[in-house]
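This briefing goes through one protein model by topic. The sequence and the structure come first, and the notes follow.

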Amino acid sequence: MSKTDKVTFEFVDLLPKELREGVVYISLEHRTVVHLCCSGCGERVVLGLSPAQWKLIFDGETISFSPSIGNGELTCNSHYWIRENRIVWATPLTARQTQESQLSDRADAIAHYEQSAVSQSRGWKFMKRLWRRRSR
């Protein structure tokens, strides 16, 4: 396997067991993306699609992800962005930076889902009030 600077993509229902180098597999149904690390190390990289994790940008021809993709726990310490099917390399991550990023990601996810629960609760309360008024 070799380092890549460009990827292609496939939208799939189920993620394949065997991954091809340079191909990003996107399952919208499962809100999951998987690809082989672009460094060429052969590691499987899995991204969760959600407002608290990664965001997929699809313009009809290319894909981009935000935030960056990186893991200091991998032997390659890769760190990159996928922008319009191109790999934009960033400074490799250390294990400490990865740990700090993971803690921050967890805090962001908790905050997002707590806010989402509050919003849903408020929406539910609003719907109940609306129904009561209508039922009178």
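**Lead points**

The model is predicted. Arg20 is partly exposed, at a relative accessible area of 47%. Its partner is Glu10: the two form a salt bridge in which the closest N and O atoms are 2.5 Å apart. The protein chain has 1 helix and 9 strands, and the structure holds 0 disulfides.

**Overall make-up**

- Along the sequence, the elements of the protein chain come in the pattern β-β-β-β-β-β-β-β-β-α.
- The protein chain has 136 residues, and 31% of these are buried.
- The accessible surface of the protein chain is about 9400 Å², and carbon and sulfur atoms account for 51% of that surface.
- Of the contacts in the protein chain between residues at least 6 apart in sequence, 33% join residues at least 24 apart.

**Salt bridge**

- The structure holds 1 salt bridge, and this is the pair formed by Glu10 and Arg20.
- Glu10 has a relative accessibility of 29% and counts as partly exposed.
- Arg20, at 47%, is also partly exposed.

**Cysteines**

- A disulfide is a covalent bond between the sulfur atoms of two cysteines.
- The cut-off used for a disulfide here is a pair of cysteine sulfur atoms within 2.5 Å.
- For Cys41, the closest cysteine sulfur is in Cys76, and at 3.6 Å it is too far for a bond.
- Cys41 is partly exposed, with a relative accessible area of 30%.
- For Cys38, the closest cysteine sulfur is that of Cys37, at 6.3 Å, which is also too far for a bond.
- Cys38 is buried, its relative accessible area being 1%.

- An open sheet is formed by 4 strands in the order 1-2-3-4, with mixed pairing.
- Strand 1 and strand 4 (44-48) are the edge strands, and each pairs on one side only.
- From one strand to the next, the twist averages 20°.
- Inside this order, strand 2 and strand 3 (residues 32-36) pair in the antiparallel sense over 3 bridges.
- Ser27 stands opposite Thr32, a residue of strand 3.

**Strands 5 and 6**

- Strand 5 (residues 55-58) pairs with strand 6 (residues 63-66) in the antiparallel sense, over 4 bridges.
- Ile57 stands opposite Ser64 in strand 6.
- The two strands form a hairpin with 4 residues between them, and Gly60 in the turn has a positive phi of about 100°.

- Strand 7 (residues 69-70) and strand 8 (residues 79-83) are paired in the antiparallel sense over 2 bridges.
- In this pairing Ile69 stands opposite Tyr80 in strand 8.
- Strand 8 is also joined to strand 9 (residues 86-89) by 4 bridges, and these two strands run antiparallel.
- Ile82 stands opposite Ile87, which is in strand 9.
- The hairpin of strand 8 and strand 9 has 2 residues between the strands, and Glu84 takes a positive phi near 50° there.

Technical notes. Residues numbered from 1 in each chain as written. Predicted model: local features only at pLDDT ≥ 70, side-chain atom pairs only at ≥ 80, totals over all residues. Heavy atoms only, no water. Salt bridge = Lys/Arg side-chain N within 4 Å of Asp/Glu carboxyl O. Buried < 20%, exposed > 50% of the residue type's maximum accessible area, 1.4 Å probe, protein only. Pairing = 2+ DSSP bridges. Axes fitted to C-alpha atoms, helices over the stretch in contact; angles between N-to-C directions. Contact = heavy atoms within 4.5 Å. Areas by Shrake-Rupley, 256 points an atom, 1.4 Å probe, with all protein chains shown as cover.
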